[in-house]
Number of protein chains: 2
Amino acid sequence: MRGKVDLAEKFASFTEHWTPKIVGEMNGQFVKLAKLKGEFVWHRHQDEDEMFLVTKGRLKIRLRDRDDVELGPGEFFVVPKGVEHSPIADDEVHVVLLEPKSTAHTGNTDSEMTVPTEHQEWI
Amino acid sequence: MRGKVDLAEKFASFTEHWTPKIVGEMNGQFVKLAKLKGEFVWHRHQDEDEMFLVTKGRLKIRLRDRDDVELGPGEFFVVPKGVEHSPIADDEVHVVLLEPKSTAHTGNTDSEMTVPTEHQEWI
């Protein structure tokens with residue numbers, strides 16, 4: 001059984017942007033931490049909802065054909081399966097992600113930002 | 001599609017203890033908020049992992065035949081399926097729970113503290 005996780009301690013252990021790190025697992029889903037800065041590629045996850053919980057900074061999530069969602073610390077949003085989205089962080093954002101283990105980083109979009117699922121690591 | 005959720009605003013909207021409120025849904029799981037104070041019944045969830053993320057206060061999770069886990073703000077722990085546990089909060093604790101929609105409040109234990117799944121409400 002894994003021990004408890006201190007989010008602040010885990011966030012302090014890496015500096016890269018757009019490279020989700022796995023910190024927990026439950027019911028076939030991973031809990032991941034990511035630091036975001038700049039603009040991510042538009043993509044969607046055909047079969048998977050994705051939850052974004054911001055712990056630091058302000059994150060804009062652009063949604064195709066819908067209003068943007070802006071999240072500050074202590075706010076979360078679930079991007080439903082199939083909805084094309086693109087996160088943007090003007091300044092660095094820390095985010096907790098929850099998504100099925102099978103979820104590809106950039107969904108249906110292959111990009112130089114893509115980190116293959118098999119290369120995502122536990123920290 | 002549901003909008004974003006501000007955890008602080010949702011926590012401010014209720015006062016009861018040990019009555020989880022649903023605030024989000026993703027991949028067959030609910031995101032719930034609960035305020036805890038005092039001692040909960042020992043129980044387990046045979047088929048479901050349960051994630052506890054503390055946002056306020058200090059929560060002790062007793063685990064049968066294992067060391068207790070103590071969580072402060074920004075710390076989480078996943079109680080694996082089948083593991084008997086009992087949360088204790090000396091002072092009020094705010095916690096974000098993630099668990100499958102099917103998860104019964106007190107697991108295998110029927111208690112006067114039990115809130116039947118069909119009575120758990122969205123806020």
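In the predicted model, strand β3 (residues 29-39) of chain B is largely enclosed by the rest of the structure, because 8 of its 11 residues are buried. Two antiparallel pairings involve this strand. With β2(B), strand β3(B) pairs in the antiparallel sense over 5 bridges, and within this pairing B:Gly24 stands opposite B:Val31. With β8(B), strand β3(B) also pairs in the antiparallel sense, here over 10 bridges; B:Leu33 has B:Val96 in β8(B) as its bridge partner.

Most residues other than glycine have a negative phi. B:Asn27 is buried, because 20 other C-beta atoms lie within 10 Å and the cut-off for a buried residue is 20 or more. A positive phi of about 65° is likewise found at A:Asp65, which is not a glycine. A:Asp65 lies in the loop between β5 (59-63) and β6 (66-71) of chain A. In contrast to the buried B:Asn27, A:Asp65 counts as exposed, because it has 6 C-beta neighbours inside 10 Å.

Chain A comprises 1 helix and 8 strands, arranged along the sequence in the pattern β-α-β-β-β-β-β-β-β. Along the principal axes, the C-alpha atoms of chain A fill a box of roughly 40 × 30 × 25 Å. Of the 123 residues of chain A, 39% count as buried. Among contacts in chain A between residues at least 6 apart in sequence, 66% join residues at least 24 apart.

In soluble globular proteins, nonpolar side chains tend to be buried together. The largest nonpolar core of the model holds 56 residues, of which A:Phe52, A:Leu59, A:Val95, B:Phe52, B:Leu59 and B:Val95 touch the most other members. When residues up to four places away in sequence are not counted, B:Val95 touches B:Ala34, B:Leu36, B:Phe52, B:Leu53, B:Val54, B:Thr55 and B:Leu59.

Contacts between the two chains involve 25 residues of chain B and 25 residues of chain A. On the side of chain B that touches chain A, at least two residues each are supplied by β1 (5-6), α1 (7-11), β2 (21-26), β6 (69-71), β7 (75-79) and β8 (85-100) of chain B. Strand β7(B) gives the most to this side, with 4 residues. By residue class, the side of chain B that touches chain A divides into 14 nonpolar, 4 polar and 7 charged residues. Strand pairing also crosses between the chains: β1 (residues 5-6) of chain A pairs with β7(B) in the antiparallel sense over 2 bridges. Here A:Asp6 has B:Glu75 in β7(B) as its bridge partner.

Two copies of a chain are related by a rotation about an axis and a shift along it. Chain B can be laid on chain A with an RMSD of 0.0 Å by a turn of 180° and a shift of 0.0 Å along the axis, which means that the relation is that of a two-fold axis. The same surface serves both copies, as 100% of the contact residues of chain B recur in chain A.

Notes
Residues numbered from 1 in each chain as written. Chains lettered and ligands numbered in written order. Predicted model: local features only at pLDDT ≥ 70, side-chain atom pairs only at ≥ 80, totals over all residues. Contact = placed C-beta atoms within 7 Å. Nonpolar A, V, L, I, M, F, W, Y, C, P; charged D, E, K, R; others polar. Pairing = 2+ DSSP bridges. Least-squares fit on C-alpha atoms with pLDDT ≥ 70 in both. Buried ≥ 20, exposed ≤ 12 C-beta atoms within 10 Å, placed from the backbone. Core = buried A, V, L, I, M, F, W, Y, C linked by C-beta atoms within 7 Å.
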